[in-house]
Amino acid sequence: MNELAVPAAERVGQTIRNNKFLIAGIVSLAVLAGIIATLLMTPKYQASARIEISRVEANVTAVEGVETEDQVLDAQYYETQYELLKSRSLAQQVVREADLVSNEQFLAAFKIDDLPTNPEKELAELLLEHVSIAPVGTSNLVDIRFKSSDPVLSAKIANIWAQEYIASNLARRFGATTEARQFLEERLGQLRERLEDAERELITYAAERDLFALETSDDSDSEDTASQTLVARDLQALNTALAQATTERIAAQSALEATATALAPEDAAALQPLRQERAELAAERARLRATAGEQYPAVLALSEQIEQLDREIALARTQSGSAVRARYEQAAATENRLRARVNELQQEFVGQRRDSVQYNILQREVDTNRSLYNALLQRYREIGVAGVGENNIAIVDVAEVPRKPVGPNLLRNLLLSLLLGGAAAGGIILLREKLDQSIRDPAQVSEILDIPLLGSVPRVQGEDVVEALASRNSELYEAYFNLFTNLGFLSKDGVPKILMVGSTRPAEGKSLSSVALAKILAERGKRVLLLDADMRHSGLSKYLEIPAGRGLSNYLRGEDQWPEMVVSGAPFAFEVFPSGRQPPNAAELLAGNRFSILLETLGASYDHVVIDAPPVLGLADAPIIAAAADGVIMIMEANVGKKRMIAQALDRLEQGGGKVFGGVVTKLDQRNASYGYGYGYGYGYSYGKKDIEEAA
């Protein structure tokens, strides 16, 4: 703890000690009020129903426009659910479900005699005041608590609250699904019309331009629509046939050209057996000719067979040339017909290619509308079971009828009363401290009044303050000795010769301070005179044995023998110039020149003259005396009076020509201990049982 914090803590502690009886009284009253209020309170019974709230993602969130967000943080989700549990709409549902408007048990429990104009709304507000939503730690469990003076009613409403919350949750989810179905139905109707219009336009356009596309097994792009029409297929087939016909025509032409020199390969193959047979017969005939002669019957027979074969071969060769020409002519005719048809189809295909651009545009429109329609139709089929029949909220524990009340809690109310009482006491003490204009801290003398602090004098406890002042071991003596020491530093000559001791008002310790200064100065071997200038109400008789007789008032009225008026200041070793009898016009007497002449005379006869002056406020005496003295010591009682009055008194003295040396704060006690004063001054120092108020 730093150096500044310790005094502050001590000051607070001392302030509490100074006001302990006030604090004890306020706190006691607060505790007593808490006890009485607790005894007068109606017992309250609280029932609790526990539910579980699970985090579930809704399927319908995939539909654009149905819900604004697709995913919500768990914290936000559960905070939303807690607020829904405390919503006014849910409370109104409970009012309707439980029929609280006509429920005598409920009306009696809450002491409702006359129903308001809008009973449902007012009763819902009443329910919200007595219901509390308490999440169970970090779990998904939530307690719904309801408090009333009827235990059965508390359990009933807590259970209805949980049931209505579950029902409202289902209603909200069903409402979201219904909204999605309505949205999808509208969109499906629009897309169905668009799809039908697009298909109708596509078919009309294709019919007008003979664009009859064929179904294909592969997923060909719609950009090739012209290649999928009948014309395209026919052109493709005819191109294949034309190629084959051209091949056959070329082959026939080659065969025809070959017949001038040789047979065609297929005809040569057909004549090969005949030529083989003729060669064999010719060989046999040549063999027989060599042995049997030309006219041999066998040779003649062989010659006839060879001639027959020659005739067959010649006939075959003739027939082979005619067939080749016929095949060539047929192949050429077929090729010409196919080529002509291909040319026609090519013209049609080119036209269809131009028409297929618009056809493909229409086809894409159909495909797009069909895809959108199928997607929404699938969503429409799925949305029927998209969580409508499911619920993510379940009742874990139903509320049971409580057996004992939860309030009023005597211990809690006592603690609350104690806290409120302490706060009230602190506020009152703080207000008192702020409103208190008396001097609590002697340091304020120099800070606020702008005069030096010459000393601090404690409040004396004892039977005889004179004895305390006579004892050099007393704290009172030490305080005034410290004042004497500080006075020695006021000038180069030490303590001023003619010193006035004044105060703002009576009973601030002015007379005691005058006696104490005179005593200590006399003990230092000085010849000291204590001049009692308070001719209206002298207070020196409390501390000195002064006989009644003449005094200052007599001298100021014209008597010149002042030495005869001076008496001993028993029991102390200094002399006293009494005030004399009380005059009717003390201020007029002091205003004359006799008072200043007297001070000059006394100053020449004594080392020090201490003047016990009358109070400043309300009287004109003190400013006159201050102007004639060397200076003034202002006595200020602690904890009493106002700093503003002290400042006014100082201003009066200075305006009257007086010089204020400084101030002395008297009667410091335990109330000033928190400012560093009072410890060692009167605390535990006892002179007896009677508290002497050193009034001046």
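Q: Is Gly 407 buried or exposed?
A: Gly 407 counts as buried, at 9% relative accessibility; buried means under 20% relative accessible area, exposed over 50%, and partly exposed in between, using a 1.4 Å probe and protein chains only. This is a predicted model, where local features need pLDDT of at least 70, side-chain atom pairs count only at pLDDT 80 or more, and totals for chains, interfaces and linings use all residues. Residues are numbered from 1 along each chain as its sequence is written, and side-chain values use heavy atoms, with hydrogens and water left out.

Q: Where does Gly 407 lie?
A: In the loop between β4 (393-397) and α11 (410-435). Helices (H or I, at least four residues) and strands (E, at least two) are DSSP runs, numbered from the N terminus.

Q: And which residues does Gly 407 touch?
A: Not counting residues up to four places away in sequence, Gly 407 touches Thr 42, Pro 43 and Lys 44, where contact means heavy atoms within 4.5 Å. The C-alpha atoms of Gly 407 and Lys 44 are separated by 5.0 Å, with the two residues 363 apart along the chain.

Q: What kind of peptide bond joins Gly 407 and Pro 408?
A: A cis one, with omega about 0°. Ala 570 and Pro 571 are also joined by a cis peptide bond, and there omega is about 10°. Pro 571 is in the loop between β8 (567-568) and β9 (575-577).

Q: Switching to helices: at what angle do α4 and α6 cross?
A: The axes of α4 (residues 88-98) and α6 (residues 119-130) cross at roughly 110° and come within 8 Å. Axes here are lines fitted to C-alpha atoms, for helices over the stretch in contact, and angles run from 0 to 180 degrees between N-to-C directions.

Q: So what do we call that arrangement of α4 and α6?
A: Roughly perpendicular, the label for angles of 65 to 115 degrees; under 35 is roughly parallel, over 145 roughly antiparallel, and the rest oblique.
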